[in-house]
Amino acid sequence: MLKAEWIEQAAYEAHRLAATTHPPDVQAALARSLERETNELPKFVMKAIVDNSRVAREDQRPICADVGVLRVFVVAGNEAAVDGGFVALEQAIRCATVRITKDLALRSNRVHPISRANPGNNLGVFAPNIDYRFEPDADWVELVAVHKGGAFGSDFRMMVDGDGLNGVRKGLVDAIAEFVRRGLTCPPVIIGVGIGGTKDQAFSIAKQAAVLRPIGDRHPEPGIAALEDELFELANSLGLGAMGYPGTGGYALDVHVEIAYTHSALTPLGIHQLCQAARRGVVRIHRDGTIEPRSAPAWFSDHHRRAGV
Amino acid sequence: MNTYHLQIPLTEDAVRRLRIGDVVFLNGKVHTGRALVYQRVLEQGHPMPIDLAKVSNVQMHAAPAGQEEEPGRYRISSIQATASFRYGRWVPEYIRRFGIRAIIGKGGMDGAIYRDTFASTGTVFLTTVGYGIAALYGRGVEGVDAVYWKDELGLPEAMWVISTRDFGPFIVDGDCTGASLSEQATAAVNPKFAEAYAGMQQHVLKRMGEITQDLEQEVIAGNAGEKPPKG
């Protein structure tokens, strides 16, 4: 039985990691981008980005002052039991969100959408978002805190059966062209592409592909993995560096594609871009009370994707 | 890329020497403001509580990561700018009314503002670097002098006046000659986009606001100097 206090401690730690510590795959990718860059201006920028990453860890300051909209993805083992149930787990996540907001002096970023009233603690109606999925043959619970802005870089369009792969490629270049001018997407970015499913699903799996898969990860279906490679190359063929300045460092740190079986006549396409302040913190709570920080989330699995049809 | 360390209040001479692509570090008092601050002073007519021209002629489009530790005592952990294009309708009047010499923002503003306002007033646009190096900028904040209109606007949107030291680096995006680094960058990468688009069919189903082959058109249209849509 997992105790609610362990959950709160884990949620706090996941938020702390997300806010202050780039995941190891992102740190490595930013360093590679700096290495690749040869133009003076974007090189200066990349160096500042890498310095900022170190300072955030050293000083325990938020990597980005726009702390985004705090949210938590929960991977729950099918055999995991929480003392007080999952209502207690949600309460623990909400308490941890309030505490981390105070302790790290995060921006109170959640406001009423009409009145703009700010409760000051990053809680509110439907806030923080908590999303679940369940994993068989596991008795642990994993919390993935994600802090992401959200004004720019996301795109949705309904493709029809005549658009095909060309529609995906053009959709990607459109999403980059729309937002890279003036660097609104804060490149270098991790791009998530969702193809198929229902409309809302295409948008959701695109977001999850951007924020919940480590750099270098490839989709298990070989054709989709090849598409990820192709789109990665396409995104980096545009002569862009950090902040969208002309450069050689590359626009994308990676491109992740998720697919879902969809309507026979239609293909919804969702695209999300996760900025260089790519913030996720992963902590797993084991049955014996061990709280284990992890480098990458276990969100996507064969079971979750219902692989094999 | 020349590097300058400048003292606030900025002098007109110091600002007019800057050119796009230069790197600037600041010392002195910077004040924050986003849409709600502009609305409050320019549309609702509330008086500005301090003499900005004398004390803090640098405005930052920012809502800091910061909290009130105890009544009247504030801490900023990280700070950076928010996308500035959306303040285009207020910035020229704000600069003229309060004697602003530098706007610290994100992504630059419409080049028309640089040409029409900055050139005559002696003002520059300084963009934050990387758009998200807020921890590094947080180190440059020595303290919070005052937070105005916290109850009316909420803590993030309030006007913060902060003391800074070696606050930077910032890159000059718009200078007093009216030049725009963003416009140059867009012009430089557009041919690559044209190559990528070559041979791509349009989507069968059109959508409002999509980029077609018109690379001059930006998603952020709708500011001062707005160009009519083409095509």
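**Briefing: chains A and B**

The model is a predicted one.

**Helix pair in chain B**

- Helix α4 spans residues 91-98 of chain B, and helix α5 spans residues 111-121 of chain B.
- Their axes come within 10 Å and cross at roughly 5 degrees.
- Angles under 35 degrees count as roughly parallel. α4(B) and α5(B) are therefore roughly parallel to each other.

**Strands around β2 of chain B**

- Strand β2(B) covers residues 23-32, and strand β1(B) covers residues 3-7.
- β1(B) and β2(B) run parallel, joined by five bridges. Here B:Y4 stands opposite B:V24 of β2(B).
- Strand β9(B), residues 159-174, pairs with β2(B) in the antiparallel sense over seven bridges. B:V23 faces its opposite residue, B:I171, in β9(B).
- Strand β3(B), residues 58-60, pairs with β2(B) in the parallel sense over two bridges. B:H31 has B:Q59 of β3(B) as its bridge partner.

**Where chain B touches chain A**

- The contact joins 53 residues of chain B to 63 residues of chain A.
- On the chain B side, four elements each supply at least two residues: β4 (65-70), β5 (73-78), α6 (134-139) and α8 (181-197).
- Helix α8(B) gives the largest share of that side, with nine residues.
- By class, the chain B side has 30 nonpolar, 17 polar and six charged residues.

**Domains of chain A**

- Chain A is divided into two parts: domain 1 (4-21 + 63-149 + 280-303) and domain 2 (150-274).
- The centres of domain 1 and domain 2 of chain A, taken over C-alpha atoms, are separated by 25 Å.
- Their contact takes 13 residues from domain 1 of chain A and nine residues from domain 2 of chain A.
- On the domain 1 side, β1 (69-77) and β3 (141-148) of chain A each supply at least two residues.
- Strand β3(A) gives the largest share of the domain 1 side, three residues.
- The residues of the domain 1 side divide into eight nonpolar, two polar and three charged.

How values were computed. Residues numbered from 1 in each chain as written. Chains lettered and ligands numbered in written order. Predicted model: local features only at pLDDT ≥ 70, side-chain atom pairs only at ≥ 80, totals over all residues. Axes fitted to C-alpha atoms, helices over the stretch in contact; angles between N-to-C directions. Parallel < 35°, antiparallel > 145°, perpendicular 65-115°, else oblique. Contact = placed C-beta atoms within 7 Å. Nonpolar A, V, L, I, M, F, W, Y, C, P; charged D, E, K, R; others polar. Domains from an automatic or database assignment. Pairing = 2+ DSSP bridges.
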